[in-house]
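Hi there,

Here is the structure I promised to pass on.

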Amino acid sequence: NAVVYEWIKTITHIYPNNKALEQAAKCLEENFLTSDKNNNKCLGINGLKWMIKLGKGGQKIVQSHQLVVLDCLESNDDTLQRITLELLYEMTNEKNVVSITNRMMKVLKDCIVLPTDYNSTKNKVSSNYSDEFKAELVLKISQNAERFAPNHEWFIRTMRVLFLLGSDYVPNDVCENLLTLISL
């Protein structure tokens, strides 16, 4: 795997050749992203991050592996979650914003455990996810929604759910932007 990883690193740092990049992405998925070991998955995500920095050609190749990347977001490894979130943010566009946001919301729902009695005055009980990860996840969801919302209705519904699930982590400027949109 070390040789494959270095080969992929070299391909992404020299003048990009689309066929070589496609082969490298396939190797990343087969050898790293679908591995049972989180360290290998981290290497795979980093390899895709190198590819996405190459521009539209690299982004198109990376997006063809979107489902495998989304699965990595649900890992219980903090490092893998964090770098997967960064990659998903970079690979989001107007065509995949809904599917990526929905999956991020699912992870957010898993992060935040709501009390069973909704009339309870107790605060939400946190799961095993770090507060740092929750805050970053809420931020990335809100930024993706603001950048690529297919329409105002979807944006407002998405933000409503985001406020319900992650209200403790929503930045003030996101609140202000939503209020501005609603007041128009």
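Below is what I found, starting with the whole chain and then going through a few places in turn.

Please keep in mind that this is a predicted model. The protein is built from ten helices and two strands. Reading from the N terminus, the order of elements is α-α-α-α-α-α-α-β-β-α-α-α. The C-alpha trace spans about 55 × 35 × 20 Å along its principal axes. The protein has 184 residues, and 43% of them count as buried. If you look at contacts with a separation of 6 or more, 61% of them are between residues 24 or more positions apart.

**Helix H5**

Helix H5 covers residues 66-73, and six of its eight residues are buried, so the rest of the structure largely encloses this helix. The buried ones are Gln-66, Val-68, Val-69, Leu-70, Cys-72 and Leu-73. What do they pack against? The partners are H2, H3, H4, helix H6 (78-91), helix H7 (97-111) and H8.

**H3 against H4**

H3 and helix H4 (residues 56-63) pack with their axes 7 Å apart, at an angle of about 145 degrees. On the H3 side, Leu-48, Met-51 and Ile-52 take part, and they meet Gly-58, Gln-59, Ile-61 and Val-62 of H4. The residues of this contact divide into five nonpolar and two polar, with no charged ones.

Ile-61 also comes up in another pairing: Lys-26 is 35 residues away from Ile-61 in sequence, yet their C-alpha atoms are 9.4 Å apart in space. Lys-26 itself belongs to helix H2.

**The loop between H2 and H3**

Ser-35 sits in the loop that joins helix H2 (18-33) to helix H3 (38-52). Is this serine, Ser-35, buried or exposed? Its relative accessibility is 14%, so Ser-35 counts as buried, the cut-off being under 20%.

The side chain of Ser-35 has two polar partners worth a look in your viewer. A polar atom of that side chain lies 3.0 Å from the backbone nitrogen of Lys-37. The Ser-35 side chain also makes a polar contact with the side chain of Asn-40, at 3.2 Å. Leaving aside residues up to four places away in sequence, Ser-35 touches Asn-40 and Lys-41.

**Helix H10**

Which residues of H10 are buried? They are Val-174, Leu-178 and Leu-181. These three cover an arc of only 60 degrees around the axis, so they lie on the same side of H10. The buried residues of H10 pack against helix H8 (131-148) and helix H9 (152-166). Turned away from that buried side is a face with the exposed residues Asn-172, Glu-176, Leu-179 and Ser-183.

Best wishes

Methods:
Residues numbered from 1 in each chain as written. Predicted model: local features only at pLDDT ≥ 70, side-chain atom pairs only at ≥ 80, totals over all residues. Heavy atoms only, no water. Helix = DSSP H or I, 4+ residues; strand = E, 2+ residues; numbered from the N terminus. Buried < 20%, exposed > 50% of the residue type's maximum accessible area, 1.4 Å probe, protein only. Polar contact = N/O pair within 3.5 Å; in protein donor to acceptor, adjacent residues only side chain to side chain. Contact = heavy atoms within 4.5 Å. Arc of directions from axis to C-beta. Axes fitted to C-alpha atoms, helices over the stretch in contact; angles between N-to-C directions. Nonpolar A, V, L, I, M, F, W, Y, C, P; charged D, E, K, R; others polar.
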